Amino acid sequence: MKVLLFSEGKNTFSRSGVGQALNHQVEALGANNVDFTLEPEDDYDLVHINTIGLKSWRVLKDTKKKGKPVIYHTHTTYEDFKGSVKFSNQLAPLIKFWAKKLYNSADYLISPTEYTKNLIKEKYLTSPKEIRVISNGVNTQNFSKREELEKRFREEYKIDKPFIITAGLPFERKGIMDFIKIVEKCKDYQFFWFGSSSIKPMLPKKIQNIIENPPKNLIFPGYVDKEILIGAFSGAKAFLFMTYEENEGIVVLEALSSKLPVVVRDIPVYENWMEDGKNCFKARNNEEFYEKIVNITENKVGNLNEIIENAYKLAEERDLKNIGKKYRDYYEYVLNNAKK
């Protein structure tokens, strides 16, 4: 069995969630000795497509002509695209139209969460299609607390106060406007927003202004080396993720794996697997986000260690070695069905 993992614009989107998802697939399959290629010109038995551009459409059509199965990963949705780059709200209906065409043309689908699976079934598919839920996963060995990396991070940024972090492209949909309000309210804490700075010209002017003139206690380091990021995860008081829409959030899994308290918005994608007060903290508005952050930072959560350990178990279940097994099982299932 040989799988074509296909993502177009690998250089352009390498720092996005879809780019990270491809990296995780490569690592997960490698850990399970699944033979794969990234080149459509190579020979392969089935294709696993991650992107929705024209090259992806051509790969889908070519694979179909060869009589080989096509699996589509439903990373991209109308709901997730809105509130991102300039004109994203105007382009979102086109994204939905095109995603529907591609997802309906595939033989099988993969969604990262039950939420996304249900969204695709209800709003994208014109006829029933099998969807397997497989998390994007996390490397739990990489994302673990490292004292030496924490020390290096603190020295690099001259940190002398409690600090709170988030990560992701600085989109309005990711909650950056609310994040700024929390930053301004918590002047005794330092904040970091990690994410690619090369995308800045594509962002609305109000977001560009925030990045260029942030509050004094907020730093936008841009896209950083993994060791710097792990240093931040190792020393932060909390991971604050204020996104309004998500299909999973790889950075959330990385925070869980790092045993960093996670505060997320109470949105449908986090129902049934992330539980407030059990393995994470959930908030519905800025007042609740503020309260949760202060309680965590000031050590006012009595069962914090228990919550952190429960959160780590979630990450362990989604370790890339386990994710690779799930991919392998699904590929074998798809190929066996194709032979019938």
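Helix α6 (residues 147–157) packs against helix α9 (residues 226–235) in this predicted model. The angle between them is about 100°, and their axes lie 7 Å apart. That angle makes α6 roughly perpendicular to α9, because angles from 65 to 115 degrees fall in that class.

Which residues of α6 and α9 make the contact? From α6 come Leu-149, Glu-150, Arg-152, Phe-153, Arg-154 and Tyr-157. From α9 come Glu-227, Ile-228, Ile-230, Gly-231, Ala-232, Ser-234 and Gly-235. Sorted by class, the contact of α6 with α9 has 6 nonpolar, 3 polar and 4 charged residues.

**The two sides of α6**

The buried residues of α6 are Leu-149, Glu-150 and Phe-153. They sit on the same side of α6, because they cover an arc of only 105° around the axis. Leu-149, Glu-150 and Phe-153 also belong to the contact with α9. The cover over the buried residues of α6 includes α9, together with β7 (163–167) and β8 (190–194).

The face of α6 turned away from this buried side looks otherwise. There, Glu-147, Lys-151 and Glu-155 are exposed.

After α6 comes Lys-158, with a positive phi. The value is about 50°, although Lys-158 is not a glycine. Lys-158 is in the loop between α6 and β7. Is Lys-158 buried or exposed? Its relative accessibility is 70%, so Lys-158 counts as exposed.

Asn-272 also belongs in this part of the report. Its phi is positive, near 75°, and Asn-272 is a residue other than glycine. Asn-272 lies in the loop between β11 (262–265) and β12 (281–283). With 76% relative accessibility, Asn-272 counts as exposed.

Helix α2 covers residues 54–65, which is 12 residues. From its first C-alpha to its last, α2 reaches 17 Å. That is close to the 16 Å expected at 1.5 Å a residue.

Where do the buried residues of α2 lie around the axis? The buried residues are Ser-56, Trp-57, Val-59, Leu-60 and Thr-63. They are on the same side of α2, because their arc around the axis is only 160°. On the other side of α2, Leu-54 and Lys-65 are exposed.

The buried residues of α2 have several packing partners. These are the strands β1 (2–6), β3 (46–49) and β4 (70–73), and the helix α4. Just after α2, Gly-67 takes a positive phi of about 75°.

**Ala-92 in α4**

Helix α4 spans residues 88–105, and Ala-92 is found in it. Is Ala-92 buried or exposed? Ala-92 has 0% relative accessibility, so it counts as buried. The cut-off for buried is under 20%.

What does Ala-92 touch beyond the residues up to four places away in sequence? The contacts are Tyr-78, Phe-81 and Lys-82.

Ser-197 is in the loop between β8 and α8 (205–212). Leaving aside neighbours within four places in sequence, Ser-197 is in contact with Gly-222 and Tyr-223.

Asn-209 is in helix α8. Its relative accessible area is 35%, so Asn-209 is partly exposed. Asn-303 lies in the loop between α11 (286–297) and α12 (304–317). Asn-303 is partly exposed as well, because its relative accessible area is 32%.

**Pairs along the chain and in space**

| Pair | Apart in sequence | C-alpha to C-alpha |
|---|---|---|
| Ala-92 and Asp-80 | 12 residues | 8.9 Å |
| Ser-197 and Val-224 | 27 residues | 9.9 Å |
| Asn-209 and Val-251 | 42 residues | 25 Å |
| Asn-303 and Thr-77 | 226 residues | 37 Å |

Methods. Residues are numbered from 1 along each chain as its sequence is written. This is a predicted model: local features need pLDDT of at least 70, side-chain atom pairs count only at pLDDT 80 or more; totals for chains, interfaces and linings use all residues. Side-chain values use heavy atoms; hydrogens and water are left out. Helices (H or I, at least four residues) and strands (E, at least two) are DSSP runs, numbered from the N terminus. Buried means under 20% relative accessible area, exposed over 50%, partly exposed in between (1.4 Å probe, protein chains only). Contact means heavy atoms within 4.5 Å. The expected span of a helix is 1.5 Å times one less than its number of residues. The arc is that of the directions from the helix axis to the C-beta atoms. Axes are lines fitted to C-alpha atoms, for helices over the stretch in contact, and angles run from 0 to 180 degrees between N-to-C directions. Angles under 35 degrees count as roughly parallel, over 145 as roughly antiparallel, 65 to 115 as roughly perpendicular and the rest as oblique. Ala, Val, Leu, Ile, Met, Phe, Trp, Tyr, Cys and Pro count as nonpolar, Asp, Glu, Lys and Arg as charged, and the others, Gly among them, as polar.
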